[in-house]
Amino acid sequence: MNKKLNLTGVILCAGKGTRIKKLPFKKPKTLLEILGHPIIYYQLKYMEIVGIKKVFIVIGKNGKEIAKKVKSIKNLNLKINYVKDLNPKGIAHSLNKAKNYINSPILVFLGDIFLRNIHLKTMIKKYYNSKCSCVLGHIKENNIKKLKKNFTIKVKNNMLVKRVVEKPIKPETNLKGVGIYLFDKNIFKAIDIYSKSLNKSSDLGITESIQTLIDNNHKVYSSSCAEEDVNINEPKDLWETNIKLLKKMKKKNFISNKVKIGTNVLIKNSVIGQGVNIPDNSVIKNSVIFSNVKLKREISLISSIRTKDGYVKIK
């Protein structure tokens, strides 16, 4: 990987996140917790590891909550800037809000996607070596239902992308995009071209903008970038992700820093966030408790998620 390659990070967090209303959580989806940390924590750390120094976070109406949480992350060697998109109309619409601040290639994350065992350096190397306009992150997905809910990537030799399809009715490939993109500035020209074909009420999609890049003879490649991606659409997705990671770590529990546990407390196969208070005589099994939850009386929490705003039981 070329050390002179100057990458800027972009995280898109302006979406409304309406698909997870069943969870008692009033904050943006990027603040949902995995093993005691919000999703955006992992994304920022991934960017830091590959040498990115500057990150733009595109925020919506609840952006203050994101900025507050990011500010609290310790030992983060990144310069964070915020760009507002108070009326988001698609992923490309939010990305376009950062256009005037970008002077280098950009590594873009969708703010509500959690990825496990990520390898960004492969994507970056592909971008540099191929001198292309875009590299898409993908995983191989054999679940047809999941392919239909995302976008698929059809490739030629050497992973050169021929076509991208948003939510295909009949997937022609098992390469699924995972919400990580590496772009040069040509993506903004493609967004502009694609936007002219839409009426004012339509959302401005990133998949269609990428296809516009391809149709205008810009090279787009795809690269495997993670072992697993999780798009959290309902509470069960969040619960399963935490419990699966706990199992993979071969731990009985995951208990974060500054957790106060009373006497005669049983905790089994559970994830406890930072700064949680657990009263005497409580029972917590197969559950996830978000950070800074202060429980005032004994509790029996079984197969549930507990946040500061309430709890939901996972069936």
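Buried means under 20% relative accessible area, exposed over 50%, and partly exposed in between, with a 1.4 Å probe and protein chains only. Helices (H or I, at least four residues) and strands (E, at least two) are DSSP runs, numbered from the N terminus. This is a predicted model, in which local features need pLDDT of at least 70 and side-chain atom pairs count only at pLDDT 80 or more, while totals for chains, interfaces and linings use all residues. Residues are numbered from 1 along each chain as its sequence is written, and side-chain values use heavy atoms, with hydrogens and water left out.

**Exercise 1. Determine how many residues of helix α1 are buried, and what phi Gly51 takes just after the helix.**

Step 1: helix α1 spans residues 39-49, and nine of its 11 residues are buried, so that the helix is mostly covered. Step 2: the buried residues of α1 are Ile39, Ile40, Tyr41, Tyr42, Gln43, Leu44, Lys45, Tyr46 and Met47. Step 3: just after α1, Gly51 takes a positive phi of about 100°.

**Exercise 2. Determine which residues of helix α7 are buried, and whether Asn217 is buried or exposed.**

Step 1: helix α7, residues 206-215, is mostly covered, with eight of its 10 residues buried. Step 2: these are Ile206, Thr207, Ser209, Ile210, Gln211, Thr212, Leu213 and Ile214. Step 3: Asn217 lies in the loop between α7 and β12 (220-224), and its phi is near 65°, a positive value in a residue other than glycine. Step 4: with a relative accessible area of 72%, Asn217 is exposed.

**Exercise 3. Locate Lys167 and state its phi.**

Step 1: Lys167 is placed in the loop between β10 (161-166) and β11 (175-183). Step 2: although Lys167 is not a glycine, it has a positive phi of about 45°. Step 3: Lys167 counts as exposed, at 51% relative accessibility.

**Exercise 4. Find what the side chain of Ser104 contacts, and decide whether Ser104 is buried or exposed.**

Step 1: Ser104 sits in the loop between α3 (91-96) and β6 (106-110). Step 2: its relative accessible area is 9%, so Ser104 is buried. Step 3: a polar contact is a pair of N or O atoms within 3.5 Å, where within protein one must be able to donate a hydrogen and the other to accept it, and where residues adjacent in sequence count only if both atoms are side-chain atoms. Step 4: the side chain of Ser104 makes such a polar contact with the side chain of Thr8 (2.7 Å), and it also reaches the backbone oxygen of Asn6 at 3.2 Å.

**Exercise 5. Give the order of the open sheet of three strands, and explain why one side of β16 and of β21 is left without a neighbour.**

Step 1: two strands pair if DSSP finds at least two bridges between them. Step 2: the order is β16-β19-β21, with parallel pairing. Step 3: β16 (266-268) and β21 (300-302) stand at the edges, and each has a single partner strand, so one side of each is left without a neighbour in the sheet. Step 4: strand β19 (residues 283-285) pairs with β21 in the parallel sense over three bridges, and Val283 stands opposite Ser300 in β21.

**Exercise 6. Identify the edge strands of the open sheet of five strands.**

Step 1: the order is β14-β17-β20-β22-β23, and the pairing is mixed. Step 2: the edge strands are β14 and β23 (310-313), each of which pairs on one side only. Step 3: strand β22 (residues 304-307) and β23 pair in the antiparallel sense over four bridges, with Thr307 opposite Gly310 in β23.

**Exercise 7. Describe which way the residues of strand β7 point, and how β7 is joined to β13.**

Step 1: from strand β7 (residues 113-116), Ile113 and Leu115 point one way and Phe114 and Arg116 the other way, and all are buried. Step 2: four bridges join β7 to strand β13 (residues 228-231), and the two run antiparallel. Step 3: Ile113 stands opposite Asn231 in β13.
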